[in-house]
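The sequence and structure come first, and the description follows them.

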Amino acid sequence: MDASGRDIAYMRRALDLAALGLGRVEPNPMVGAVVVQGDEVVGEGYHARYGGPHAEVVALGNAGPKARGAELFVTLEPCCHHGKTPPCTGAILAAGVRRVVAAVADPFPEVSGRGLAALREAGLEVVVGMGELRARRLNAAFFKRQRTGLPLVIAKWAMTLDGRLAAADGSSRWISSEESRRRVHEVRRISDAVLVGSGTAVADEPSLTVRHVEPLPERGQPTRVIMDSGLAIDAAREPARSAAEVPVIVYTSDDALAGRGNRADALRRAGCDLVAVPRVEAGLSPEAVVQDLGRRGMSRILVEGGARILGSFFAAGLVDRVMIFIAPRLLGSADALGPVAGPNGLTLADALDVADLTCERVGPDVLIQGRTGEF
């Protein structure tokens with residue numbers, strides 16, 4: 001194996017390790033590290049939980065004395081500041097590592113470029129950029145929050161082969177299979193919030209909790225978010241009914257709070273957090289909602305519908321990823337609902353391209369995923 005192939009192989013291993021922290025370390029990034037002495041891996045580690053030791057420290061600790069004169073492959077620039085843990089650059093220098101290969105520079109302002117510079121100034125060989133694209137995709141939520149202050153937004157829906165989200169009467173349980181629903185719950189458990197509109201909340205009374213898989217103990221249940229411009233949801237029904245156990249944020253309008261004071265009071269007594277945001281032509285401002293969720297420190301939001309909510313998020317350019325389940329069923333109804341109800345008058349020139357497309361079988365269904373923007 002040539003030198004570049006060797007570096008690629010070790011960085012792939014570091015990236016695989018980093019992914020083990022998914023859902024457990026946010027708002028921190030997922031990071032993996034591999035210590036190599038000659039052609040032998042002598043230490044590995046990853047950032048396993050928020051506030052816990054960083055990947056480099058774990059890997060170097062596992063390597064022990066074998067780290068002296070070794071190479072360190074790490075998926076993100078080592079930190080050089082005191083946060084919840086001491087700087088990793090200090091641990092690297094103390095261990096006697098001779099070469100550091102980092103996938104990507106850290107966008108966090110207190111680190112960005114400084115950690116790599118400190119290692120170079122100490123005489124270490126430093127290589128940056130090996131595996132950068134995969135490292136950025138893996139930590140898309142972290143990179144987006146650092147760049148914009150906003151969480152990563154994933155739009156999810158399930159539909160029939162003829163593109164229908166629900167029957168003409170609004171019924172949608174269950175279009176997709178149990179296997180697909182399990183996959184959705186795997187994403188819910190790594191998300192900070194699950195968001196739906198009031199139409200979905202009223203019609204389906206969804207719990208919006210993690211059920212088909214175990215919630216992550218570090219995270220618990222995601223916050224349930226309802227966009228409800230007219231305060232249509234009922235405090236005695238789900239998801240508001242269980243707001244004292246699992247948080248519920250209801251985004252609504254000033255006029256609804258003023259005009260439906262009794263309902264607002266009931267929702268607050270049930271434990272809901274009511275937040276007024278501006279109205280727009282299509283309902284409530286999705287930009288204001290996402291900005292508020294970002295201010296609350298959220299990193300990953302799963303938007304599950306309905307069609308108008310999905311349409312408003314796409315029209316505002318807020319969606320980063322799509323997760324589309326296609327069930328092998330034909331509804332065959334002209335009046336049945338489609339998945340995205342966006343603005344009229346759009347042409348093919350206005351169509352949103354989806355990149356990095358993947359397609360896989362999930363039980364009897366097909367899952368299509370892709371990226372709709374930079375992140």
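## Helix α11 and the residues that follow

In this predicted model, helix α11 is mostly covered, with seven of its 10 residues counted as buried.

Met-298 has its place in the loop between α11 and β13. With a relative accessible area of 8%, Met-298 falls under the 20% limit and therefore counts as buried. Between Met-298 and Ala-258, which are 40 residues apart in sequence, the C-alpha to C-alpha distance is 29 Å.

## Helix α12 and its cover

Helix α12, spanning residues 307-315, has as its buried residues Ala-307, Ile-309, Leu-310, Gly-311, Ser-312 and Phe-313. What covers these buried residues includes the strands β6 (152-160), β7 (193-197), β8 (223-227) and β13 (300-303), together with helix α11 (286-295). Just after α12, Gly-317 takes a positive phi of about 70 degrees.

## A buried cysteine in a loop

Cys-272 lies in the loop between α10 (261-270) and β10 (273-276). Its relative accessible area is 6%, so Cys-272 counts as buried. When neighbours within four places in sequence are left aside, the contacts of Cys-272 are with Ala-240, Ala-243, Val-248, Val-250 and Leu-267. Cys-272 and Glu-245, 27 residues apart in sequence, are 10 Å apart in space from C-alpha to C-alpha.

In soluble globular proteins, nonpolar side chains tend to be buried together. Here the largest nonpolar core has 41 residues, and those with the most contacts inside it are Met-11, Val-35, Ile-92, Val-97 and Val-100. At least two residues of this core come from each of α1, β1 (32-37), α2 (55-63), β3 (71-74), α3 (88-95), β4, α4 (114-121) and α6, and α1 gives the most, with five residues.

Ile-92 touches Glu-56, Leu-60, Leu-72, Pro-78, Val-97, Val-100, Leu-119 and Leu-124, residues up to four places away in sequence not being counted.

## Salt bridges

A search of the whole structure finds 31 salt bridges. In one of them, Asp-7 pairs with Arg-99, the closest N and O atoms being 2.8 Å apart. Because Asp-7 lies in helix α1 (residues 3-18) and Arg-99 in strand β4 (residues 99-102), the pair ties together parts that are 92 residues apart in sequence. Both Asp-7 and Arg-99 are buried, and both belong to a network of salt bridges that links Arg-6, Asp-7, Asp-39, Glu-71, Arg-98, Arg-99 and Glu-125.

The side chains of Arg-371 and Asp-356 also meet in a salt bridge, with an N to O distance of 2.8 Å. This pair links distant parts of the chain, Arg-371 being in strand β16 (residues 365-371) and Asp-356 in strand β15 (residues 355-362), 15 residues apart. Arg-371, at 13% relative accessibility, counts as buried, whereas Asp-356 is partly exposed, with a relative accessible area of 45%. In a further salt bridge, between Arg-237 and Asp-234, the closest N and O atoms are 4.0 Å apart; Arg-237 is partly exposed at 43% relative accessible area, and Asp-234 is partly exposed at 32%.

## The second largest pocket

The second largest pocket has a volume of about 730 Å³. Its lining is made of 23 residues, of which Leu-22, Arg-137, Ile-190, Arg-321 and Gln-369 are the closest to the pocket centre.

By residue type, the lining of this pocket divides into 13 nonpolar, three polar and seven charged residues. The elements α5 (132-138), α6 (140-148), β6, α7 (178-188), β14 (321-327), β15 and β16 each supply at least two residues of the lining.

Note on methods:
Residues numbered from 1 in each chain as written. Predicted model: local features only at pLDDT ≥ 70, side-chain atom pairs only at ≥ 80, totals over all residues. Heavy atoms only, no water. Buried < 20%, exposed > 50% of the residue type's maximum accessible area, 1.4 Å probe, protein only. Helix = DSSP H or I, 4+ residues; strand = E, 2+ residues; numbered from the N terminus. Contact = heavy atoms within 4.5 Å. 1 Å grid on protein atoms, 1.4 Å probe; cavity = no way out; pocket = protein on both sides within 12 Å on 5 of 7 lines; lining within 4 Å. Points joined across faces, edges and corners; volume = space filled by probe spheres on them. Nonpolar A, V, L, I, M, F, W, Y, C, P; charged D, E, K, R; others polar. Core = buried A, V, L, I, M, F, W, Y, C linked by side-chain atoms within 4.5 Å.
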